[in-house]
Amino acid sequence: MAPYSKRPHRRYNPLTEEWVLCSPQRTQRPWQGQVEAPAPENLPAYDPKCYLCPGNARAGSACNPAYRSTFVFTNDFAALTPEVDPWEVNEDGLIVAHAEAGTCRVICFSPRHDLSIPQMDRSAIRDVVNAWAEETENLASHDSIGYVQVFENKGAMMGCGNPHPHCQVWGARHVPSIPARKMVSQEAYFRFHKTDLLGDYLNLELRKGERQVCDNEHWVALVPFWAVWPYETMLIPRRLVGDLPSLVPEERDALADILKRLTTRYDNLFRTPFPYSMGWHAKPSDGADHPYWRLHAVYFPPLLRSATIKKFAVGYEMTAEPQRDITPEQAASQLRDMLERHYLE
Ligand code: H2U
């Protein structure tokens, strides 16, 4: 039996060069902490008060068209704005800042207020994949944008203000901290081994088989060895491809398939709309090749042991390093055992 199934240990994340403390012996501890409200059920297909539904008013004078598939708009409360005069502050390397420019877009996945990815059909999810790729390409074409981050925040537990299925795409001048760390480690690995870090990791996982959740011809979903969140997963393409626009049609079809299957397993785990933050980590959009960068998605769901008990990243995690109880192998096995038919169907 692997030394990491029963006793406390630390695991290394070669992408971010961070460690996670894993304490499998703690899974039996009783819970007397906070219990979250269950997610609302029976949402209407159309909500007249929703600012993302077709035909409805948004902030200011904006009004959504009567869209029938995906719908994309520039965030009315954008965190980044395109026209920023460059400036820099550096006082003894201790007070350091610079201006940041960018554009924030919102993608509505569907006109239906009540559906999310696991309940959408594959062709509708394929439209979402295309929208991700198209938005990435459009933003990346601006000289002032050096990195495009696609992310989805799902569920009130994750601070998402609206159940209408949507995600955000932020293009920024500088590569943000997390992808920047992944860039350094992937580049160093590639220089040394002449192969890409995530490709080698994927091959190792395929040989071992203990952390895979589901797969198809072009994609593998697995719980990474270094996962921090209880049911954290990663989606990795079998081909070395650096960004969403570079995916060929078959890979996009297969991505729609694996997105539906993975998120259905999530929903089925606690028979609830599974909250998460997910995001794509693609190569920087600065026009350079970045041959070492393998596109991948990360899913960080907060739920711990039921639909109403979530993990808090506090205490040791805030002051020392991330920690988890249930092992990635146990989480993968639970997700593997789930049906791929949605519990509401
Ligand atoms: P959340 O509800 O998940 O926060 O995301 C919705 C985004 O939509 C959010 O970033 C934007 C918010 O700024 N928004 C608009 O752009 N226009 C509106 O009228 C309301 C919300």
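Predicted model: local features only at pLDDT ≥ 70, side-chain atom pairs only at ≥ 80, totals over all residues.
Trainee: Which residues of helix 3 are buried?

Mentor: Start with the general idea. An α-helix has 3.6 residues a turn, so residues three or four places apart point the same way. Buried means under 20% relative accessible area, exposed over 50%, partly exposed in between (1.4 Å probe, protein chains only). In helix 3, L197, L198, G199, Y201, L202 and E205 are buried. Their packing partners are helix 2 (177-193) and strands 9 (212-215), 10 (219-222), 11 (233-237) and 13 (296-300). Contact here means heavy atoms within 4.5 Å. After helix 3 comes G209, with a positive phi near 75 degrees.

Trainee: Which residues touch the most other members of the largest nonpolar core?

Mentor: In soluble globular proteins, nonpolar side chains tend to be buried together. A nonpolar core is a set of buried Ala, Val, Leu, Ile, Met, Phe, Trp, Tyr and Cys residues joined through side-chain atoms within 4.5 Å. The largest one has 52 residues, and W132, Y231, L235, L244, L255, L259 and W280 touch the most other members. Helix 4 (residues 249-270) contributes the most, nine residues. Another core lies apart from it, with eleven residues, including L15, L198, V220 and L222.

Trainee: What does L244 touch?

Mentor: Skip residues up to four places away in sequence. L244 then touches W132, A133, T136, V150, R252, L255, W280 and L295. L244 also lines the largest cavity, together with T136, V148, Q149, V150, W280 and A282.

Trainee: How many cavities of 30 Å³ or more are there?

Mentor: On a 1 Å grid over the protein atoms alone, a cavity is a set of points where a 1.4 Å probe fits but cannot get out; a pocket is an open set with protein on both sides within 12 Å along at least five of seven lines; lining residues have an atom within 4 Å of a point. The count here is one cavity. The largest cavity holds about 30 Å³ of space. Strand 7 (residues 147-154) gives the largest share of its lining, three residues.

Trainee: Which residues are closest to the centre of the largest pocket?

Mentor: The largest pocket has a volume of about 800 Å³. Of its 36 lining residues, I178, R181, H281, V298 and F300 are closest to the centre. Strand 2 (18-22), helix 2 and strand 13 are among the elements that each supply at least two lining residues.

Trainee: Is G287 buried or exposed?

Mentor: G287 counts as exposed because its relative accessibility is 77%. G287 is in the loop between strand 12 and strand 13. Compare Q334, in helix 6 (residues 328-337). Q334 is partly exposed, at 30% relative accessible area. Beyond its neighbours within four places in sequence, Q334 is in contact with Y231, L269 and I326.

Notes:
Residues numbered from 1 in each chain as written. Heavy atoms only, no water. Helix = DSSP H or I, 4+ residues; strand = E, 2+ residues; numbered from the N terminus. Points joined across faces, edges and corners; volume = space filled by probe spheres on them.
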